[in-house]
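Please open the model in your viewer and keep a selection panel at hand. The stops below say what to select next and what is there.

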Amino acid sequence: MTGFTADRLLLFGATGDLSKRMLLPSLCALDAEGLLDPRIRIIGTARHEYDDQGFRNFAREALEQFLPADRRGGMATFLNRLSYQPLDASKTDGFDALAAKVGEPAEGLAIFLSTAPSLFEPTIRGLQASGLAGENVRIGLEKPLGTDLASSRVINDAVASAFPEERIFRIDHYLGKETVQNLLALRFANALFEPLWNAAHIDHVQITVAETVGLESRVAYYDDSGALRDMVQNHMLQLLALVAMEPPVRYEATEVRDEKVKVLRSLRPVAQDDVVTGQYRSGAIAGKAVPGYDEELGKDSATETFVAAKAHIDNWRWKGVPFYLRTGKRLPRRTTEIIVQFKPIPHSIFSGRGAKTVANRLVIGIQPSEDIQLTLMAKVPGLDRDGLRLRPVPLDIAMAGAFSGPQRRIAYERLLLDLIEGDQTLFVRRDEVEAQWDWIDKIRSLWGEQGQEPRTYTAGSWGPSAAIALAERNGVTWHE
């Protein structure tokens, strides 16, 4: 914790898509559950020329569209917390009016900065000039934090000129998902898994982040970014770090992040044969025809919409264990999951027809459903002259059925609450970001040296056939 619970929350980009879909619904849901301090005021700012009531009307429409009705209790009370100040963040002369609107926070100010990367530096200068970067202020930064290591350092240097690291909260919304946090509980709160969580017992790990959508409203950003920088650099490498990290001394921000960055620094540079890129062409999703990437974009592009890679972590625990990463747009179904494939038993005592054993597998589902499934071998009930008949049987833990309360929280609920209260555990430290970019930049440099272009794949498929070959040449089948 960083010393104070903020009694003011300032939202930059308050009229943007992220605010409408995620931030305002998250804050309203927190308020309905009594998790927000009764004193807190929420000030929105953006270029729209709203007054307080205009912003409240905008927020009401967003809540009615994106927050389930059973989570809107006390919406009127929440809306009364909101106020608004128009601002062009590229011009410092509007920040004094913003500071007057925010007022002097008695307990502290939390800022959520969700703007175009080009506005980070002028926004920081404006906050400094207007007195909104003092010792009782912390700042949350929404991605993208640069497009490579060099540009990331420029942004981080600008933020560091006004805020020390202990008051900077870099957001990766995957870390706010319940099952991602449950991964730590699964590993470190149970004696069952951690003794087996190493190269002696695990054959490989798969991490898949699959989307059925195409470009939607992210045309300009995505074509400049691509799947490697949009998904692998942040979300997927954070998932990998949580799977592979050593046990921290305690569940606190410094200790957890120290262990994650050790993993990221241990990533071996990817060889040319161990990464596959693709770009979707026209096809069908759920029986509906969809256009190809170039058709959606309206021009030819060499941007990748699919990446599959085989990564290695060169440390004692994971030496020789491949981590297969796969992400893409216009894939057959929307899913984010982690598969931990254990090694087969060294010798089967069972013989006869139907006695074949299958290695244990742990499947951690993150979205669309949050669940954990462990596959074990069991005897099929009944009598058989050929001996025991065996079959893999899943042990399922469905989060929705195991616990009461809200079944599907928005990931930003956890993150916004932690930003307000000052807990950095689920936020990304600068050295993590730079280690991630260092690994990604080496892959992009490799593509440039080899002149590698994305392979085409049909929308509705699981990517280029080369991605299947990437795994199968090592005897691994992607979990689908």
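Begin by selecting G283, which sits in strand β9, residues 283-285 (strands are DSSP runs of E with at least two residues, helices runs of H or I with at least four, numbered from the N terminus). This is a predicted model, in which local features need pLDDT of at least 70 and side-chain atom pairs count only at pLDDT 80 or more, while totals for chains, interfaces and linings use all residues. Residues are numbered from 1 along each chain as its sequence is written, and side-chain values use heavy atoms, with hydrogens and water left out.

Neighbours within four places in sequence aside, G283 is in contact with K288, A289, V290, T458 and A459, contact being heavy atoms within 4.5 Å.

Because 22 of its 26 residues are buried, α8 is largely enclosed by the rest of the structure (buried means under 20% relative accessible area, exposed over 50%, partly exposed in between, with a 1.4 Å probe and protein chains only).

Finally, select W439, which, neighbours within four places in sequence aside, is in contact with residues including V232, L237, L267 and R268. For contrast, turn to I349 in the loop between β13 (335-342) and β14 (361-367); at 69% relative accessibility, I349 counts as exposed.
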